[in-house]
Number of protein chains: 2
Amino acid sequence: MTRTQRKARADAMDVSEMALETLVGYNLKRAYVVLQNDYRAVMGDHGLSPRVFSALTFVVEMPNLTQSDLARRLGIERSGLVAIVDELEARGYLNRVAVPQDRRIQALAPTESGVQAYEAALALINEHEDRMLHMLNAEEREQLVHLLKKIREIGE
Amino acid sequence: MTRTQRKARADAMDVSEMALETLVGYNLKRAYVVLQNDYRAVMGDHGLSPRVFSALTFVVEMPNLTQSDLARRLGIERSGLVAIVDELEARGYLNRVAVPQDRRIQALAPTESGVQAYEAALALINEHEDRMLHMLNAEEREQLVHLLKKIREIGE
DNA sequence: TATTGTTATACTCTATAACTATA
DNA sequence: TATAGTTATAGAGTATAACAATA
């Protein structure tokens with residue numbers, strides 16, 4: 001019996017039976033939106049957006065990356081990174097430092113204030129994820145991250 | 001020992017040790033981008049976007065939904081749905097049908113062409129996901145969808 | 001008063017293409 | 001010739017606020 005024939009017998013389908021509900025992409029997007037909405041609420045209107053926080057993480061953890069390096073690690077275009085680095089510099093969280101050996105590049109150096117902002121934001125984000133994901137036990141949460149990393153690896 | 005003290009000993013950190021890498025939100029976003037890029041490649045420039053396909057699914061599987069109903073089920077605003085329904089109507093995949101009992105609403109009725117387009121798109125998307133997710137066995141894939149649904153449920 | 005569909009508008013995220021200064 | 005950073009620009013996707021028609 002085809003799907004169309006089944007539909008001829010009943011006008012509406014149970015949501016949980018829809019093929020859409022079994023798609024990984026659809027569930028990925030919906031789950032991300034749920035998490036993101038709470039992230040924005042926690043970080044506030046003037047807080048670091050997810051992408052700016054990600055960039056700051058790399059700058060703090062791997063000091064003196066170039067912008068091209070950082071763009072590659074974040075999986076975005078060089079051009080898109082400019083505004084992100086501009087914002088971090090305007091906040092006083094990093095400096096673009098000239099590199100004498102190659103005058104095309106500028107190393108991204110975190111400031112002390114940037115390190116502090118990173119640690120404060122990370123604490124808030126960890127609280128946010130712990131609260132949002134309380135229904136997952138430690139093993140489930142680890143498994144989820146593990147499976148998501150496997151998908152990420154395709155794109156490398 | 002704090003993170004900062006650790007950093008004092010080594011200039012660069014192993015990527016896999018970064019707190020960022022353990023965050024669910026970050027991994028969710030990165031995994032979604034990987035899947036989405038292939039989705040776009042498979043569906044082509046004039047194919048149905050993810051959100052338009054999702055909307056079409058509901059219209060086909062639950063005929064005669066109103067736009068307000070559909071927006072709620074998709075988790076978006078009514079205003080944002082207008083362009084989506086416009087596109088599906090322009091493609092000839094659905095009709096806005098007047099409802100005599102309540103002249104404010106218009107039921108969304110799939111056309112035969114809309115049902116066929118839905119089934120063709122679903123076949124492409126299933127192939128796409130099977131190919132992209134070949135590194136996950138059936139159990140892992142089911143577990144992933146299960147965990148994502150748990151996160152989605154928070155937002156309801 | 002409240003709801004439905006709609007428009008106008010703005011903001012975020014992201015990509016492409018072209019430029020400049022260096023290498 | 002190729003690369004790093006930058007600008008200009010455009011296109012998704014989404015939200016908020018206001019409106020007319022209807023309940």
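This is a predicted model: local features need pLDDT of at least 70, side-chain atom pairs count only at pLDDT 80 or more; totals for chains, interfaces and linings use all residues.

**Entry 1: a histidine.** Leaving out residues up to four places away in sequence, His128(A) touches Leu35(A), Asp38(A), Tyr39(A) and Val42(A); a contact here means heavy atoms within 4.5 Å. I found His128(A) in helix 6 of chain A, residues 112-132. Helices are DSSP runs of H or I with at least four residues, strands are E runs of at least two, and both are numbered from the N terminus. Is His128(A) buried or exposed? Its relative accessible area is 3%, so His128(A) is buried (under 20% is buried, over 50% exposed, partly exposed in between, using a 1.4 Å probe and protein chains only).

Bookkeeping: residues count from 1 along each chain as its sequence is written, chains are lettered from A and ligands numbered from 1 in the order written, and side-chain values use heavy atoms, without hydrogens and water.

**Entry 2: the annotation.** UniProt, in an unreviewed entry, puts "domain: HTH marR-type" at residues 21-153 of chain A. I kept in mind that such positions follow the numbering used here, feature names are shortened, and annotations may be inferred rather than shown by experiment. Over residues 21-153, chain A is 68% helix and 8% strand, with the end C-alpha atoms 24 Å apart.

**Entry 3: DNA strand C.** Which residues come nearest to DNA strand C? Of the 20 around it, they are Ser79(A), Arg103(A), Lys29(B), Ser68(B) and Arg78(B); near means a heavy atom within 4 Å. By class I got three nonpolar, seven polar and ten charged residues (Ala, Val, Leu, Ile, Met, Phe, Trp, Tyr, Cys and Pro are nonpolar, Asp, Glu, Lys and Arg charged, the others, Gly among them, polar). Helix 5 of chain B gives the largest share, three residues.

I then looked up phosphate oxygens of DNA strand C. A polar side-chain atom of Lys29(B) is 2.7 Å from one, an N or O atom in the side chain of Arg40(A) is 2.8 Å from one, and a polar side-chain atom of Arg51(A) is 3.4 Å from one.

Conventions. A polar contact is a pair of N or O atoms within 3.5 Å; within protein, one must be able to donate a hydrogen and the other to accept it, and residues adjacent in sequence count only if both atoms are side-chain atoms.
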